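This report accompanies the sequence and structure shown below.

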Amino acid sequence: MKKTIAVIRGDGIGPEIVGETLRVLDAVAEKFGHQFTYVEAPMGGNAIDAFGVPLPDSSLETCLTADSVLLGAVGGPKWDAQPSANRPERGLLKLRSAMGLYTNIRPARMFSELSAACPLRADIAAKGIDFVVVRELIGGLYFGEHTTSEADGEQKAVDVCSYAEHEIRRVAHVAFGMARKRRKRVTSIDKSNVLDTSRLWRKTVEEVAKEYPDVELLHMYVDNAAMQIVRDPSQFDVIVTENLFGDILSDEASQITGSIGMIPSSSMGEGTRGLYEPIHGSAPDIAGQNKANPIGTILAGAMMLRYSFDMAAEAGAVEAAVDAALKAGFRCGDIWNQGGTLVGCREMGAEICRRI
Ligand code: NAD
């Protein structure tokens, strides 16, 4: 297969972690007989320096015409004084909106070799953590009307939360489609005992579920879900939820797996083109020092193979190579433990490539 990938290296550690991910993708291409073409799309602080804006039109065009987009991270103290309309993060928001990315997918998976970094009790961690949070990304409370007014001598603030059926339906399809490729269980999280938007959410998810009779659907209130994620995360396969609940629960889910440097994420819209990135930022404190852990970005590359290119075996090969490098004891600084072999970003990339 031939695929064109728009590459946003970004700022800080971005170029280092993306560089290693491209090496891994090259190893995949060689092993499985594919051809990946990389087209550079400057975005973030480096684009402000070179073009005066965080997302030049040429970069946007590259992303909108590629088969998929790989991103390192953007931002850093150098651009903190920029006016808010021209900050590096603005480029990312503009890109997400232009690509129509309405779903964010964040796996929460704990590597058994890193179980010491899991903040949960050992007997809970031993049952394993391997689930995915599918979050609605461009609706709900964050995108409703926000007003602050003054009445009777005090201020009053209102944030409007609204969902239309089509906004729920499309994200539910993503979750059920994903569950089909996993352990075939969707847990839909809402607060339907209180909120109208949640009642519509539940009803719509149930309608979509009828198209996936092979996938089990469970419902859970968000307050209970927050408890269950730390009480017994092994019960979850795919979680689907609205924007606000997903924002909070996906951070909780990331935290229980250990390090920020290990976790990938993808944002999807219509079609198969997605935006794939690690969940962390540009880590300016360790930029340019060969200290960054590239695994989150490499696993984002694996997600791209699986979800955008339908290359399940290739994605599995990347994930297995990451597992094998960890089993062999290689550790970047953020996941280092006694007895591990401390390596830099480049060496970790090389160890993973060797195991593809
Ligand atoms: P950060 O995630 O960049 O760093 C937080 C801490 O985690 C730092 O100590 C850092 O060294 C460490 N860390 C992060 N990724 C690591 C990795 N791969 N390997 C080893 N250690 C890692 O968060 P921050 O410091 O709050 O933000 C720095 C910049 O990144 C800011 O400008 C922020 O706006 C930006 N940011 C960008 C994105 C994005 O591009 N999607 C997301 C979050 C933050």
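## A strand within the sheet

The model is predicted.

Strands of a sheet pair through backbone hydrogen bonds, either parallel or antiparallel. Strand E5 (residues 130-136) runs parallel to E10 and is joined to E10 by 4 bridges. Strand E8 (residues 185-190) also pairs with E10 in the parallel sense, again over 4 bridges. Thr-241 takes part in both pairings: Thr-241 is the bridge partner of Arg-135, and Ile-189 stands opposite Thr-241.

## The sheet as a whole

In what order do the strands of the open sheet lie? The 10 strands follow the order E2-E1-E3-E12-E11-E4-E5-E10-E8-E9, and their pairing is mixed. At the edges are strand E2 (35-40) and strand E9 (216-221), each of which pairs on one side only. On average, neighbouring strands are turned by 25 degrees against each other, with direction ignored.

The antiparallel sense is found between strand E11 (residues 264-268) and strand E12 (residues 274-278), which pair over 5 bridges. Within this pairing, Ser-267 has Leu-275 in E12 as its bridge partner.

## Helices on the sheet

Helix H6 (residues 165-180) packs on the sheet and touches strand E4 (103-109), E5, E8, E9 and E10. The direction of H6 makes about 165 degrees with that of E5. Helix H7 (residues 196-209) lies across E5, E8, E9 and E10, and runs at about 170 degrees to E9.

## Aromatic rings

A pair of aromatic rings is described by the distance of the centres and the angle of the planes. The structure holds 4 aromatic pairs. One of them joins Tyr-163 and Trp-201: the ring centres are 5.7 Å apart and the planes stand at 70 degrees, so the pair is edge-to-face. Tyr-163 belongs to the loop between strand E7 (154-159) and H6, and Trp-201 to helix H7, so the pair ties together parts that are 38 residues apart in sequence. Both Tyr-163 and Trp-201 are buried.

Another ring has a charged neighbour. Arg-170 lies over the face of Tyr-102, at 4.2 Å from the ring centre.

## Two packed helices

Two packed helices are described by the angle between their axes and the distance between the axes. For helix H11 (residues 312-327) and helix H12 (residues 345-354), the angle is about 115 degrees and the axes are 8 Å apart. Their crossing is right-handed. Ala-321, Val-322, Ala-325 and Leu-326 in H11 meet Met-348, Glu-351 and Ile-352 in H12.

Which residues of H12 are buried? They are Cys-345, Met-348, Gly-349, Glu-351, Ile-352 and Cys-353. These buried residues pack against helix H1 (14-32), helix H10 (295-308), H11 and strand E13 (330-331).

## Positive phi angles

Most residues other than glycine have a negative phi, and most peptide bonds are trans. Asn-290 has a positive phi, near 55 degrees, although this residue is not a glycine. Asn-290 is placed in the loop between E12 and H10. Is Asn-290 buried or exposed? Its relative accessibility is 17%, and the limit for a buried residue is under 20%, so Asn-290 counts as buried.

Asp-310, which is not a glycine either, has a positive phi of about 55 degrees. Asp-310 is found in the loop between H10 and H11. With a relative accessible area of 57%, Asp-310 is exposed.

Methods:
Residues are numbered from 1 along each chain as its sequence is written. This is a predicted model: local features need pLDDT of at least 70, side-chain atom pairs count only at pLDDT 80 or more; totals for chains, interfaces and linings use all residues. Side-chain values use heavy atoms; hydrogens and water are left out. Two strands pair if DSSP finds at least two bridges between them. Helices (H or I, at least four residues) and strands (E, at least two) are DSSP runs, numbered from the N terminus. Axes are lines fitted to C-alpha atoms, for helices over the stretch in contact, and angles run from 0 to 180 degrees between N-to-C directions. Contact means heavy atoms within 4.5 Å. Rings of Phe, Tyr and Trp (its six-membered ring) pair if their centres lie within 6.5 Å; planes under 30 degrees apart count as stacked, over 60 as edge-to-face and the rest as tilted. Buried means under 20% relative accessible area, exposed over 50%, partly exposed in between (1.4 Å probe, protein chains only). A charge sits over a ring if NZ of Lys or CZ of Arg is within 6 Å of the ring centre and within 35 degrees of the ring normal. A crossing is left-handed if the near helix is turned anticlockwise from the far one by less than a right angle, and right-handed if clockwise.
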